[in-house]
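Please read them with the coordinates open.

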Amino acid sequence: MLGLGINHQKLKFFIFSLTFLVSTLLFAADNSEVHKTERLMYFVLLQLIVIILAGRLGGLLAKRTGQNAAVGEIIMGILLGPSLLGLLLPGFFHYVFRSAPPEPLAILSQIGLLLLMFQIGLEFNFSHLQAVHYRKSVLWVSMASLLCPFATGFVVGYYGATQLSPGVNALHSGLFVATAFSITALPILGRILMDLGMTNHPIGVIAISSAAINDVVGWVLLAVVTALTTAKFSAASFAFTLVLIATFFIASWYVVRPLAHQALNLIEKKSGTEFSDLSLGFLLSLIFLAGLCTYLLGIFAIFGGFMMGVILHDREPLVRAWRERMGQF
């Protein structure tokens, strides 16, 4: 730790304080009969304390070793899981992470992810894609990053079906593994590119645009593979879904975009500020509504948030204000 430039005494004090806090919370929980909802709240808050502190510590250590903070956060997430914490301290792990249903924390995390994807769409300078050669680059990168993993995953899933999924049709196994290989970690890629300051660089825009296309196609493929394996595939239904997805993205750019700009201009004029509370409320409603739409289309809610960020990326005051007031949160 000393080699990483972290004060040893401060680290000991941090660990002692965290241990004392968790012990106090455990004692309090074991000696009180609380309402079911309050008990659920208790465990959600306990999980958030552990996760947030561990994530910040992991990010700090990653930066000290020349890595991106997101890498450290991912590693800490693995260490807090059943692979290590559940193995070394099963009682503590089950108390913190298994004493309450996982749905509340999962919903909170998905809302955070939705807002993060909005910020990712907001931060990148998509005006680079006005150039034809950059659009071609996005197309070729998207195809390569989809086809190569899909082919590799299919080989692994098909020929490893007897070990990976005994009793399952080899073709179905191959298609599922191929689809899993094809889907990109879009939020993590966006986080890393933002931290590296590549949001205004053509390479960063090409990378995030290609990943977004890749993920949309990947989620559509997942729906198709699921329908095929359950013998519920309908060509007409699939074509209709594709039309709806295309309609959403086209309508977002050509209909929602000008209306959203007009609404924000009106709000700013009325409030006299670049980013009022009313602006924030309008944006959150717009993000959540777009997330509902993409969820209903079967391509995951985060794409709605990302698209709303894309259509507003050229409002510099809004980008700056969101980054200052909401970005770190």
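This is a predicted model: local features need pLDDT of at least 70, side-chain atom pairs count only at pLDDT 80 or more; totals for chains, interfaces and linings use all residues.

1. Residues are numbered from 1 along each chain as its sequence is written, and side-chain values use heavy atoms, with hydrogens and water left out.

2. The protein has 15 helices and 0 strands, these being DSSP runs (H or I, at least four residues, for helices; E, at least two, for strands) numbered from the N terminus. Of its 329 residues, 36% count as buried, that is, under 20% relative accessible area with a 1.4 Å probe and protein chains only. Among contacts (heavy atoms within 4.5 Å) with a separation of 6 or more, 73% are between residues 24 or more positions apart.

3. The largest pocket has a volume of about 2000 Å³. A pocket here is an open set of points on a 1 Å grid over the protein atoms alone, where a 1.4 Å probe fits, with protein on both sides within 12 Å along at least five of seven lines, and lining residues have an atom within 4 Å of a point; the volume is the space filled by probe spheres set on the points, which are joined across faces, edges and corners.

4. Of the 46 residues that line the largest pocket, Glu 73, Gly 112, Leu 116, Arg 191 and Phe 329 lie nearest its centre. H6 gives the most to this lining, with 11 residues, and the helices that each supply at least two also include H2 (36-64) and H15 (316-327). By class the lining has 28 nonpolar, 10 polar and 8 charged residues, where Ala, Val, Leu, Ile, Met, Phe, Trp, Tyr, Cys and Pro are nonpolar, Asp, Glu, Lys and Arg charged, and the others, Gly among them, polar.

5. The second largest pocket has a volume of about 830 Å³, and Leu 129, Ser 209, Ile 213, Met 307 and Val 310 are the closest to its centre among its 22 lining residues. H11 provides the largest share, 6 residues, and the lining divides into 15 nonpolar, 4 polar and 3 charged residues.

6. The axes of H7 and H9 (residues 170-182) come within 7 Å and cross at roughly 145 degrees, with axes fitted to C-alpha atoms over the stretch in contact and angles running from 0 to 180 degrees between N-to-C directions. The residues of this contact comprise 12 nonpolar, 8 polar and no charged.

Notes:
Buried means under 20% relative accessible area, exposed over 50%, partly exposed in between (1.4 Å probe, protein chains only).
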